[in-house]
Structure formats: structure tokens, C-alpha cells
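Keep the structure in view as you read.

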Amino acid sequence: MDAIAVAQQNLTKKGYLDLEIDPTLDLFEEINRLKKEKNAIILAHYYQESDIQDIADYIGDSLGLSREAANTDADIIVFAGVHFMAETAKMLSPQKKVLLPDLKAGCSLADSAPAPLFKKFLEKYPDHVVVSYVNCSAELKTLTDICCTSTNAIDIINSIPKDQKIVFAPDKNLGAYLIKKTGRDMVLWDGACMVHEIFSQEKINKLMREYPEAEFIAHPECEDRLLKMADYIGSTTGLLKYTIKSPSKVFIVATEAGILHQMQKASPDKIFIPAPPENNCACNECPHMRLNTLEKLYLCMKHETPEIVLPDWVIEQGRVCIDRMLEISQQAGHIH
């Protein structure tokens, strides 16, 4: 059996095509050639490694990536991100081929809300509107009325009539932040993102003493004790824009460290310090996001696999909550 066939067979176990690559290949050149040849677009999340961000056609957070996936003219969408993002792209462009360099690039937050358990949980709240953060599985989206991202979550909650009860899933930290910001009483599902849960308050305090002129900025998926300390709270894109506009020269950033690459590119004269986690690492990287590499990206484009395939019913039912989100976002001025 040839190497390709063996790699295809091992795909489910490994999550990616485990093939040798000629070490003399210029991967940037090869990926650019494959993009043209196959009419492919590379969408990358801010949390990807720097090389992938540099070769991507579009870099963004979940909202921007959803919008790009819905609007692209490409035949193939190569999603350098995690599983739920590629699934969202497939729902928004069901006729296109959607590739993910490594199928094992999951998401601790999405995994914290398995659809069958969530369905049972909802039986207790029959008269509630279900709002789910986009960081959830395709199947969870079929149980959701409106999707949201951290960029548009406040507008999504505010668009729901005041007397309407709400269930919010899967992120309890973002949910608690939204309750505070909107004054709405919501039932929260008990889920969280491992990257945003692990920041060390003690180490951040120490950094703030070390850099008294620094601003501390955080993502709303962080725990409330950290958000209380923050000078600014915002989505990944919100944080990036804030660092560009702010006159401050030093920032301590509490979110996945991948975004620092874009912050540094946009403001080369400023200093960005990743907020440290509880463990011994200097910065907090998402292990799932980091499963994608330039090599895996090249192989998946060359062989057009692993591909994201969803049952028709999931695409049809799951898409409704995303379309609703994009519609409300547009009205709120997030999407032009």
C-alpha cells in the first residue's frame, strides 16, 4: 500500500495526513501555488501560530471568520482554526469544500457542552430562548435559537425582548459578564475555555507591579476576578483595536497568546506581555489551536483532506442560529 493510502487510513486515529515532506520545499511558495491552482482561501484564527497567520488570506476572530466563510468566492475553504469554526464555515457554505489541517484541533469549551446532555438540560427550560456562543459544536447549534460571538454578544442579548427568558451556553464566564453588562437574568450552562480559565491572578498582579504603566486587557471568557482588574474587556478583535488606539505603550494581555503577533505587527513600538497561566509556562497557548502547522496545512491543501462533512439536517437546522446572528450583527453595525 502506498504512503497516501496508509495516511488516509490513519486519518481518524491521527487527525491529520502523516506524510513525509521534502525538507527542501519552500512551504510558503507551495501553499501560495496551491491556493491559485485550486481557487482556495485560507482563513486563520488569531490564535494560530505566526507562520500560518502570515500566509492566511484572512485573519480574524469567530465573527469575522464566519462572515468571510459566508461570502467567499473560493471553491475550497482551508480553515486554520478549530473544529467548530470549520463546521460553521461548512454550514455557511455547504456547497464548498471545507478543509481542516488537523481534525483533532478541538475546543475545550465546545467539548464542555455535549449536545445530548444539553438537549436534556433544555427540557427544564421550555419557554426560554437559547443563545449559544459560536464556540460550540454543529449539533449544539441545531438546539440554539441565536448564536453569538464575544464581539456581538451584548447586542444579541439586547435584541431579545425584555420579558423573554434566556438560556446561555456554553461559556459561564462570558454568560456572567453578559448578565452584568445587560442586566438580564439568564440561565447559564456550566462550561468554560481551558485557556481563559487558567490565568493566574497572583502572577498578573506581580506583572502589574513590575510594569505600573501597563494596561491590563482581558477577553470576557476570563473569570470575573480577572475582569474586575481589567482596564479594558473585549473580543479578540476588540483587544487588537484597543491596543492600536490606546496611547499606552505597554499591555498585559489576558487571552490566547497568538493575538500578540498581530498586535506587535500593528504597533511595533509598543510592548505586549502575555498574561501568565497558573502552570509554569510564560504564556497561555491553546493546545488545540496549535495542532495546526504549516506542514499540515500544506498536506491538507495538496490532498484536499481532512474534509469537514456534516449531515444535511445539521447544516439546515444549525445554520438558522448563525444567520440570525449575522442579521442582528449587521443591524448593530458590526458587519458592513
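Which elements each supply at least two residues of the lining of the largest pocket? They are β2 (58-60), α5, α10 (153-158), α11 (172-182), β10 (232-233) and α15. Helices (H or I, at least four residues) and strands (E, at least two) are DSSP runs, numbered from the N terminus. The model is predicted: local features need pLDDT of at least 70, side-chain atom pairs count only at pLDDT 80 or more, and totals for chains, interfaces and linings use all residues. Residues are numbered from 1 along each chain as its sequence is written, and side-chain values use heavy atoms, with hydrogens and water left out.

On a 1 Å grid over the protein atoms alone, a pocket is an open set of points with protein on both sides within 12 Å along at least five of seven lines, while a cavity is a set where a 1.4 Å probe fits but cannot get out. Lining residues have an atom within 4 Å of a point. Grid points are joined across faces, edges and corners, and a volume is the space filled by probe spheres set on the points. The largest pocket holds about 460 Å³. Its lining has 25 residues, and Thr151, Ser235, Thr237, Gly238 and Lys241 lie nearest the centre. Helix α15 gives the most, with five residues. By class, the lining divides into 12 nonpolar, nine polar and four charged. Here Ala, Val, Leu, Ile, Met, Phe, Trp, Tyr, Cys and Pro count as nonpolar, Asp, Glu, Lys and Arg as charged, and the others, Gly among them, as polar.

The whole structure has two cavities of 30 Å³ or more. The largest cavity has a volume of about 240 Å³. Of its 24 lining residues, Tyr47, Met85, Asn135, Glu221 and Met289 are the closest to the centre. Two or more residues come from each of α6 (83-92) and α12 (194-197). Helix α12 gives the most, with three. The lining of this largest cavity has 11 nonpolar, 11 polar and two charged residues.

The second largest cavity has about 50 Å³ of space. Among its lining residues are Ser62, Leu65, Phe79, Met85 and Val134. Helices α5 (62-71) and α6 each supply at least two residues. Seven of the lining residues are nonpolar, three are polar and none is charged.

Return to α15, the pocket's main contributor. Helix α15 (residues 236-245) crosses α16 (residues 259-266) at roughly 25 degrees, and the axes come within 10 Å. Axes are lines fitted to C-alpha atoms, for helices over the stretch in contact, and angles run from 0 to 180 degrees between N-to-C directions. The two helices are therefore roughly parallel to each other (angles under 35 degrees). Their crossing is right-handed, with the near helix turned clockwise from the far one by less than a right angle. Thr236, Leu239, Leu240, Thr243 and Ile244 of α15 make the contact with Ile259, Gln262, Met263 and Ala266 of α16 (heavy atoms within 4.5 Å). Six of these residues are nonpolar, three polar and none charged.

The other pair is α3 (residues 27-38) and α17 (residues 294-303), packed at about 30 degrees with axes 10 Å apart. That makes α3 roughly parallel to α17. This crossing is left-handed.

Technical notes. Angles under 35 degrees count as roughly parallel, over 145 as roughly antiparallel, 65 to 115 as roughly perpendicular and the rest as oblique.
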